[in-house]
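Please read these notes alongside the coordinates. They cover a metal site, a helix pair and some backbone details.

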Amino acid sequence: MIDSHCHLDFKDFDKNRAEIINNALVAGVHTMVNIGADLQTSINSVKLAEQYDFIYATVGVHPHDAKTFNPEVEEQLRRMIEHKKVVAVGEIGLDYYRDLSPRNIQEKVFRRQLEIAVEKDLPVVIHTRESFRDAVDIVSDYAGDLPGGIFHCFPGTVDDAYKVIDLGFHISVGGVITFPGAKMATVAAEAPLNRIAIETDSPYLTPMPYRGKTNQPAYVKYVCDKIAELRGMPAEEVEKITDRNSQRVYRLVDVFGG
Ligand code: NI
């Protein structure tokens, strides 16, 4: 299994990071993509990717931290992007739920990082919260020139899923689909499986039956199992297809051989 989106560098794991990574391997998670969210976590993601063969990194500034983006940060991100194990720009996007950075700044920084991704020919990892329409409108301006990407923790409907798929993107689903009555479960059940990646977003959004505890990549198994249950197919099949999808988006086979 592949955890297509986790934050193993976060301080939640300072006391047990090696153990958490080992748990994942034992659970059959052979690949993890550690996602940057600001300059420091991007630096930390690259460090983790240097330390572990099976961890890849993304670098970018999350909409919450858009106000920290400046030419110096951009310069450092650009330098990190040249690192072989940096597989995408992200997570970037818009968050109107918490509005931790002014919306006009969020948009400006989102567009700037999309431009960088186009220029560097990298896929993007997109975060949206209560901002899906605006995010899709903005991404549409760049989609033709981008090698795709992932709308992570996909917040939309099945129709919305087709919108981003038509733009050449994948969606990813996480622990939320295991919550009772989760709207995202419908998307996980009905969107084309060859465009769905699975993720944990560790340390957040812990799936059932561990909801309330700290999430970890080993728990991506519960996401895989839930999709299998929703779609009435074997978990092994879901695992194989979602693995292939993550490998395709992040170009893991082309660049790294697996
Ligand atoms: Ni995240």
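1. Helices (H or I, at least four residues) and strands (E, at least two) are DSSP runs, numbered from the N terminus. This is a predicted model, where local features need pLDDT of at least 70 and side-chain atom pairs count only at pLDDT 80 or more, while totals for chains, interfaces and linings use all residues. Residues are numbered from 1 along each chain as its sequence is written, and side-chain values use heavy atoms, with hydrogens and water left out.

2. On the α2 side, L39, S42, I43 and V46 meet V73, Q76, L77 and M80 of α3 (contact: heavy atoms within 4.5 Å).

3. Four residues coordinate the nickel ion at 2.1 to 2.4 Å: H5 (NE2), H7 (NE2), E91 (OE) and D201 (OD). Donors are N, O and S atoms within 2.8 Å of the metal (3.2 Å for Na, K and Ca); water is not among the atoms, so sites may look incomplete. Along the chain the donor spacing is H-x1-H-x83-E-x109-D.

4. S202 to P203 is cis, with omega near 10°, and M208 to P209 is cis, with omega near 5°. P203 lies in the loop between β8 (196–198) and α8 (220–231), and P209 lies in the loop between β8 and α8.

5. C153, not a glycine, has a positive phi of about 45°. C153 sits in the loop between β6 (149–151) and α6 (158–166).
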